[in-house]
There are 2 protein chains.
Amino acid sequence: MKGKHVSSETIRRLAVYLRYLELLYEKGVRIISSSDITNALNIPSTQFRKDLSFFGEFGKRGVGYDIGKLIKVIRGIIGIDKKVKIIIIGAGKLGSALIEYPGFSDMNIEIVGAFDNNPEKIGKKIANILIRDISEIEEFIKSEKIEIALICVPKEHAQNVCNILIKAGIKGILNFAPVKLITTGCVFVSNFDMSSEICNLMYSFKKCSQG
Amino acid sequence: MKGKHVSSETIRRLAVYLRYLELLYEKGVRIISSSDITNALNIPSTQFRKDLSFFGEFGKRGVGYDIGKLIKVIRGIIGIDKKVKIIIIGAGKLGSALIEYPGFSDMNIEIVGAFDNNPEKIGKKIANILIRDISEIEEFIKSEKIEIALICVPKEHAQNVCNILIKAGIKGILNFAPVKLITTGCVFVSNFDMSSEICNLMYSFKKCSQG
DNA sequence: TAGATTGTTAATCGATTAACAATC
DNA sequence: TAGATTGTTAATCGATTAACAATC
């Protein structure tokens, strides 16, 4: 099965598996079967095995998976075996909160820079991260070899910031502004859209209770 | 086509269409064709027509769609024709930032309550929203008829908070803690997982540049 | 009527799941 | 060997897209 196209769903699930495996490893567990991990995550065990099968064979039949080994394998597949340095554009309430978001470190992700266009913010620090002038962004991205940025600016500026980032050579963007950003080529955007997600919840439970 | 099962993808896209339609309406545009809206959003026009077809016929052949009418229709479909009152659990950095997130109001979504278990925070206000003791949550949900909550507590407490919310009768949860929450019945969770999304970006552009 | 655009059917594509042979 | 669990094939399911008849 190795070599076929791999979907985003599979990659996101690998990240979820990884987080759970790390948790188990910390607790001292060293071996797990596909059904044990998928029972905990509430998905079918075939999905776990299928997801891994795109990349090779990592288990032992009749036994299960070596957790330590699997953690390394998944980190390698995703590309987070080394530390991932990311930046934030927009040091408002949301951007500032994300700078201090504790969920990144488990995944080897570290925020190393923040940018804004407000002179009152530039030069100040949030949790040890200096807020820089947006005009310095291209140089920073290139010298620090940054591949991923989080956009936390008001929606009116989001596409403009997106274009600047692409020009500066960024490869992936996580967009928190409520607009759909358009990119081209090998630059990817995940639109993190809280309102759409709430709409989806509204519709789901309404339908569910209607039967 | 009316009556068939409708996917979450369709509902999320309806929300995206709605936001774009509102933007056009404000600019004074009153009529739009499926290809005009989908060109702007970078998707095929058949997808727009197909998404709407689950719910009825809303366009005029040879002409297009009346934007004002379509806005009302989509709001009705999703269930956001009236104001949607939501609450936040966890008044830390992220929770506080979300209380002031400006992207909700466009969608008729309003944050009406915040809860925490930290005595130093309880009784204070963030942007006019009183932070209440988590023990008051069940009463608040019932008296205010709250259906949706955002979980912004540390990951260790997230599943516990989730269980409390379900017991209190909540219907939808947007989870910002980096753990997959498990629910049952007509209670839905969207796990808003920034780390997995960054993993997905990492993998995507790595693959893309490899060809 | 002619041109434009919708709404829907059918074809395609891709993801999930069931089943089971392989093998530890 | 017997029991357990993997890895993979094939079947199923569902979502996207192409094509086009309907109709404004």
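Where in chain A does A:Lys180 lie?

## A lysine that reaches across to chain B

A:Lys180 sits in the loop between strand E9 (172–175) and strand E10 (188–191) of chain A. Helices and strands here are DSSP runs, numbered from the N terminus, with at least four residues (H or I) for a helix and at least two (E) for a strand. A:Lys180 is partly exposed, at a relative accessible area of 36%. On this scale, buried means under 20% relative accessible area, exposed means over 50%, and partly exposed is in between, using a 1.4 Å probe and protein chains only.

Leaving out residues up to four places away in sequence, A:Lys180 touches A:Gln159, A:Asn191, B:Leu41 and B:Ile43; a contact is a case of heavy atoms within 4.5 Å. A polar atom of the A:Lys180 side chain lies 3.1 Å from the backbone oxygen of B:Leu41. For polar contacts, the rule is a pair of N or O atoms within 3.5 Å; within protein, one must be able to donate a hydrogen and the other to accept it, and residues adjacent in sequence count only if both atoms are side-chain atoms. Back in chain A, A:Lys180 and A:Ser190 are 10 residues apart in sequence and 9.1 Å apart in space, C-alpha to C-alpha.

## About the model

This is a predicted model, where local features need pLDDT of at least 70, side-chain atom pairs count only at pLDDT 80 or more, and totals for chains, interfaces and linings use all residues. Residues are numbered from 1 along each chain as its sequence is written, chains are lettered from A and ligands numbered from 1 in the order in which they are written, and side-chain values use heavy atoms, with hydrogens and water left out.

## Chain A and its copy

Chain A has eight helices and 10 strands. Along the principal axes, its C-alpha atoms fill a box of roughly 60 × 50 × 35 Å. Of the 211 residues in chain A, 49% are buried. Among chain A contacts with a separation of 6 or more, 58% are between residues 24 or more positions apart.

How does chain B relate to chain A? A rotation of 180° with 0.0 Å of shift along its axis superposes chain B on chain A, with an RMSD of 0.0 Å. The two copies are thus related as by a two-fold rotation axis.

## Around DNA strand D

There are 26 residues around DNA strand D, and A:Ser34, A:Arg49, A:Gly59, A:Tyr65 and B:Arg61 come nearest. A residue is near a strand if one of its heavy atoms lies within 4 Å of it. By class, this surface has five nonpolar, 11 polar and 10 charged residues. Ala, Val, Leu, Ile, Met, Phe, Trp, Tyr, Cys and Pro count as nonpolar, Asp, Glu, Lys and Arg as charged, and the others, Gly among them, as polar.

Now for some individual atoms. In the side chain of A:Tyr65, an N or O atom is 2.7 Å from a phosphate oxygen of DNA strand D. H3(B) gives the most, with four residues.

## The buried side of H3(B)

In H3(B), B:Phe48, B:Asp51 and B:Leu52 are buried. They cover an arc of only 95° around the axis, which puts them on the same side of H3(B); the arc is that of the directions from the helix axis to the C-beta atoms. The cover over the buried residues of H3(B) includes helix H1 (8–26), helix H2 (34–41), strand E3 (64–66) and helix H4 (67–78) of chain B.

Key:
Least-squares fit on C-alpha atoms with pLDDT ≥ 70 in both.
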